[in-house]
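Take a walk through this model, one site at a time. Keep the viewer open as you read.

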Amino acid sequence: MNFLRGVIAGQAAGPQPSGAETIQKLCDRVASSTLLEDRRDAVRALKSLSKKYRMEVGTQAMDHLINILQTDRSDSEILGYALDTLYNIICNDEEEEQDENAQKQADDLGAQFTDTFIQEPEHVTLLLSLLEEFDFHVRWPGVKLLTALLKNQCTQVQGVILVSPMGVSRLMDLLADSREVIRNDGLLLLQQLTKSNAAIQKIVAFESAFERLLDIITEEGSSDGGIVVEDCLLLLLNLLKNNSSNQNFFKEGSYIQRMKPWFEVGDDNSGWSAQKVTNLHLMLQLVRVMVSPVNSPGATASCQKSMYQCGLLQQLCTILMATGVPADILTETINTVSEVIRGSQVNQDYFASVNAPSNPPRPAIVVLLMSMVNERQPFVLRCAVLYCFQCFLYKNQKGQGEIVATLLPSTIDANSISAGQLLCGGLFSADSLSNWCAAVALAHALQDNLTQKEQLLRVQLATSLGKPPVSLLQQCTNILSQGDKIVRRGSKVQTRVGLLMLLCTWISNCPIAVTHFLHNQENVPFLTAQISENLGEDERLVQGLCALLLGICIYYNDNSLENYTKDKLKQLIEKRIGKENFVEKLCFITKHELYSRAAQKPQPVFPSPEQMLFDHEFTKLVKELEGVITKAVHKSSEEEKKEEEVKKTIEQHDNIVTQYKELIREQDAQIKELKEQVDSMSSQNEQMQSTVTQQLSTIQQHKDQYNILKLKLGKENQSPSNGQGDGSQVNGLQTEELTQLREEVEELRKQQTLLQTQLGDKDALINSLKSEAAQAAQTAEGSAGGSENTELLKELEALRSQVQSKSSEINQLKTERQELVRRAEAGSSDTVPSSDSSIDTAKMAELESRLAAQTTETERLKGETKGLSESRADLEQQLASATSTVAILQTEKAKLQTDVQESKKEQDDLLMLLADQDQKIHSLKQRLKGLGETVEDEDDLDARDQTDEEEEEDEEED
């Protein structure tokens, strides 16, 4: 301890040790001391010397400090000193007093020590484990040290953290720390960690980073918050920018809706603090990241829809039209609204309906265009308004029509300022930047819209009093031909470049506009003169655009003007300019530096107004037309004729193929109809089968009812037979009564004979029914009719048993009759008392009643037998009808199958013909390619047709 005190405080006597010697002694003390207190004092001394003697401490003490972190985990104080010392030697603190060379040396030193520290990945893993310590003196310096490591060697440290188990999760826990200083430094750490590493960005996002960051922003006061809100927004930008997975997660998590309160700006917009401006600027950038044109179209459209539905777009438009908003915030808001509405029809329609809070109210588009053509407005603001107007018209044919309509004579309102009037005013003003912006804006109103190109030809302008009006096309060419004669403020070539871009966009793919342009006899000589002259470097771009305009006149020429047909224009180029010179001037456009810059992204971003020459959409047009114009110029008339003949032949073959395709479609339709007929026949067959099943069930119900009635009749017939008893003996009868009895006996005999005859007839009927039932069972095996005949046979057997029972009763009656005869003969000589006579009379009455009942029962059985025979005949008729229906349906089915086979055979023949035709077309295309012509494949044509159909569907939906 005395030694340490002497080192730190210095000694009065003797020479003073140098800093390197002192640091060496301290390092030896750290390595050799056994007492924790001695090591702690030595590390504290190294910390105090680490800033002044950064090189010495870093080279001599780093290994000892890392060893302290590994061995003395139990003492938080020594861990804190060691971490602070490592931070001092690794961190590159920027000091204002240092010059550039000193700062560069410091940065190199920090990178060198960082490389030394991360040579062993276990050191970074050790540092991550120390962050789990809750002690403030360990956790806070650990966060700062890891942040410094990431600043110096971001990629290497990210790789170690990425493969470390739960490495990112441990760092995410810093956001939940209740101590604000650790939480805030944790935000800075995560900012460095998520730079340019999509894998870590995804892990951080799925560790609930969005939820935590948005909560912190809300707690800190949103846009009115301090530096912590700025750090949260910077981290959100790191997580979302160029990361489609996180963007989709942000949208699906409904976090876009939570952004709306950020932009609720009050009426009093005076006194915006610098921090508020910074925060709101970052918030607007965050919205733009979600709807950036570089994102996939589907994801951008989904985010645009969510922003409109939650009211975020409406809130942005409120800021756009508010007063007192700082210029840079207003500019960024315009750019944000531009990308939120770009390509979204719903959002574009809403933006068209927004009015500025003026008296009288004016559309927001008109107010913005007034700023664009006003040369007193800031340059970045004018660029933002132009971008907003371009985004409003992007894929918006409805909006294009509305803008062009404000220029037509029938819709011009003299009492109000329209968008068309502002564009014309800017197009012909004395400010070259206004000329360029108005020309590009008007070109976007014509982009890919043939209808509006033709409509704009109707626009007439009154140049001065007493002179007839001229068309807008003519006025543009007049200003173009005057060149530098008109005094303008700004770039010399900017106005002409803007007008040439407008004219190229206007007449491209529009033969009518080409005819109008060529109808002016001065235009072609002017273009050829411009192209053929040898001018300076600045004028070469104008020459290239003039060559492009003349090439468009050749390529889209319909030869309606005799003096300016395709052949004559090409001859003029060959004589006045030269084909090679023409192509060289044309190719200069794409070689221009500003052309490449404008082709990168849609937003017009230029460092100065003089460099504002090319538009993004125009670069696409040049790329599309440069090749075809070059080929069109080099082709001779004979080659063009041959090409036209080949094209006609191809068209004829295409027509033949189209006819065959139509024939195949018709046959497919016929086959489909036949299949539908087969399906309908099958359904009808099923319906008939269901009808037969219903009829069979109805017959079964009738049979059940018949069985019930039969059982009831059987019970009624059994009751009188059970009550029959033996009669008393006839002790004597009168002669008249005996005669009467004999007559009745004879009558009974006749009735018995008749019943026996009827019984024989019934037996014959039963036998015949049995034979018919057997035949029916053989012809319809397993059918419903066979089962019904079996039921009928069973019923006939039951009737036969009833007839046999009746026969037995008749025999019993015969026995009783014989007994009566015998008794009558035995007692003929005897006198019969009157009481016996009355008994015999009662007996005879009973016999007569029973005989009448038997006769009635026999008649009833005859009727039931007849009814059963009729039911059987009906069932057989229904079975025959169903069988004939099935046969008819099978015949029709066979016929339809035959038709389908014939159609397939015809289709195969047509396919053979199509193959032959495709072979011929292929050979002709090969010939065309041999001639150097570009031949589009059928897949390209189909894709183009499909694209056209989708655009037509979009127009119909609009």
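Which residues does Ser222 touch, not counting residues up to four places away in sequence? They are Ile217, Val229, Trp262, Asn279 and Met283, where contact means heavy atoms within 4.5 Å. Ser222 is found in the loop between α12 and α13 (227-240). Helices here are DSSP runs of H or I with at least four residues, numbered from the N terminus. Ser222 is buried, at a relative accessible area of 15%. The classes are buried under 20%, exposed over 50% and partly exposed in between, with a 1.4 Å probe and protein chains only.

A word on the ground rules. This is a predicted model, so local features need pLDDT of at least 70 and side-chain atom pairs count only at pLDDT 80 or more, while totals for chains, interfaces and linings use all residues. Residues are numbered from 1 along each chain as its sequence is written, and side-chain values use heavy atoms, with hydrogens and water left out.

Go to helix α12 (residues 198-219), which holds Ile203. Ile203 is partly exposed, with 32% relative accessibility. Together with Leu162 and Val163, Ile203 makes a nonpolar surface patch of about 250 Å². Patch members have over 30% relative accessible area and no salt bridge; nonpolar side chains (Val, Leu, Ile, Met, Phe, Trp, Tyr) are joined within 5 Å, like charges within 9 Å. A salt bridge needs a side-chain nitrogen of Lys or Arg within 4 Å of a carboxyl oxygen of Asp or Glu. Areas come from the Shrake-Rupley method with a 1.4 Å probe.

Helix α29 (residues 523-532) holds Ile531. Ile531 is buried, at 0% relative accessibility. Beyond its neighbours within four places in sequence, its contacts include Gln543, Cys546, Leu550 and Phe582.

Now the rings. Rings of Phe, Tyr and Trp (its six-membered ring) pair if their centres lie within 6.5 Å; planes under 30 degrees apart are stacked, over 60 edge-to-face, the rest tilted. The count is eleven aromatic pairs. Tyr308 and Tyr350 have ring centres 5.9 Å apart and planes at 65°, so they are edge-to-face. Tyr308 is in helix α16 (residues 297-309) and Tyr350 in helix α19 (residues 345-353), 42 residues apart. Phe206, Phe210, Phe249, Phe250 and Tyr255 form one aromatic cluster.

Methods. Helices (H or I, at least four residues) and strands (E, at least two) are DSSP runs, numbered from the N terminus.
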